[in-house]
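Take a look at the fold below before reading on. The text moves from the whole chain to its domains, then to one strand and the ligand.

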Amino acid sequence: MNWGTIDKYAKSLIKEAGHKIRVSFFNTIDVDTKADANDLVTNIDKAIEQFFISRIQSDFPNHFVLGEEGFGDDIRSLDGVIWLLDPIDGTMNFVHQKRNFAISLGIYCDGVGMLGYIYDVMNDDFYHAAKGEGAYYNDEKLPMLEVTPLSEAIIGVNASWVAPNRRIENEPIADMVHKCRGTRSYGSAAMELAYVSSGRIDAYLSLRLSPWDIAGGMVIAEEVGAIGTNLKGEKPNLLNQDTFIVARPGLHDEILRNHIRLK
Ligand code: 2AM
Ligand code: CA
Ligand code: CA
Ligand code: CA
């Protein structure tokens, strides 16, 4: 497998897709709902996923694609080369804000993340990594993350996970919010992974993410020494929806140990 060739190909495919998304704002966007009234999808999410899949199928016929909108392969195992794609991560932001969304792509071989990409389309900010070769923000190499105590940390977390909910005990996570320096919520898991990797925030957690939300970001995060697991501390799930946390070393442990109690 020539990963250098695949890397160049993936980068140019993502940039081309980003251009298509920016141009899409000149036309009317059709918005539909999925699992519930706030779970949005548009014709552009679908068109971008189909654009990736048709290119990948014709140029890498032996590779598989797992995409959020379901046009890819029916993936039951992580064997072989799999492109885990979220064509638009942050669809609600795409629809309401016309910014703060990303294309997220991870390319895995037998379950190992080889290449990872997060493209903040409207800012033209590109985050990428190749396993063992470091992570980059545009052309800048990202430094390894250093340990930060909770008292100096900015945590990416959606307010709905801090309000009482059926998945997590409220008191320990509310205590985390009181003890940290601040919280942020960007509405795109991929962008929040990119922000942890580039040191703009110190941790990000969610009670419900899918493989395509985290696949690209995990390759980038690992290259700068961030720790990513589910909220039980296990390896992230790349086949099913699960809980998720990514954080600087030390902070990951502190949050899981003292502030997360799954119901
Ligand atoms: P999406 O925009 O691609 O759907 C904030 O909602 C973050 O959680 C986004 O990255 C969003 O991805 C993701 N997410 C994962 N599962 C979701 C769901 N069932 N409903 C809404 N957002 C979801
Ligand atoms: Ca979605
Ligand atoms: Ca997503
Ligand atoms: Ca999406």
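What follows is a walk through this predicted model.

Start with the whole chain. The protein chain contains eight helices and 14 strands. Its C-alpha trace spans about 50 × 40 × 35 Å along the principal axes. A compact globule of 263 residues would have a radius of gyration near 18 Å; the protein chain has 18 Å, so the two agree. Of the 263 residues, 42% are buried.

The domain assignment gives domain 1 (3-141) and domain 2 (150-259). Their centres, taken over C-alpha atoms, are separated by 21 Å. The two domains touch: 33 residues of domain 1 are in contact with 25 residues of domain 2. Which elements build the domain 1 side of this contact? Seven elements each supply at least two residues: strand S3 (64-67), S4, helix H3 (91-96), strand S5 (102-109), strand S6 (112-120), strand S7 (125-130) and strand S8 (135-137). S6 gives the largest share, six residues. By class, this side of domain 1 divides into 17 nonpolar, eleven polar and five charged residues.

Is S12 largely enclosed or open? Six of its seven residues are buried, so S12 is largely enclosed by the rest of the structure. S12 has pairing partners. With strand S10 (residues 154-157), S12 pairs in the parallel sense over three bridges. Here valine 157 has leucine 205 of S12 as its bridge partner. With strand S14 (residues 242-247), S12 pairs in the antiparallel sense, over five bridges. In that pairing, alanine 203 stands opposite alanine 247 of S14.

Ligand 1 is surrounded by 14 residues, and the closest are Asp39, Asp89, Gly90, Thr91 and Ala189. Which domains does the shell draw on? It takes at least three residues from each of domain 1 and domain 2. By class, the shell around ligand 1 has six charged, five polar and three nonpolar residues.

How values were computed: Residues numbered from 1 in each chain as written. Chains lettered and ligands numbered in written order. Predicted model: local features only at pLDDT ≥ 70, side-chain atom pairs only at ≥ 80, totals over all residues. Near = placed C-beta within 6 Å. Nonpolar A, V, L, I, M, F, W, Y, C, P; charged D, E, K, R; others polar. Domains from an automatic or database assignment. Helix = DSSP H or I, 4+ residues; strand = E, 2+ residues; numbered from the N terminus. Rg over C-alpha atoms; globule rule 2.2 N^0.38 Å. Buried ≥ 20, exposed ≤ 12 C-beta atoms within 10 Å, placed from the backbone. Contact = placed C-beta atoms within 7 Å. Pairing = 2+ DSSP bridges.
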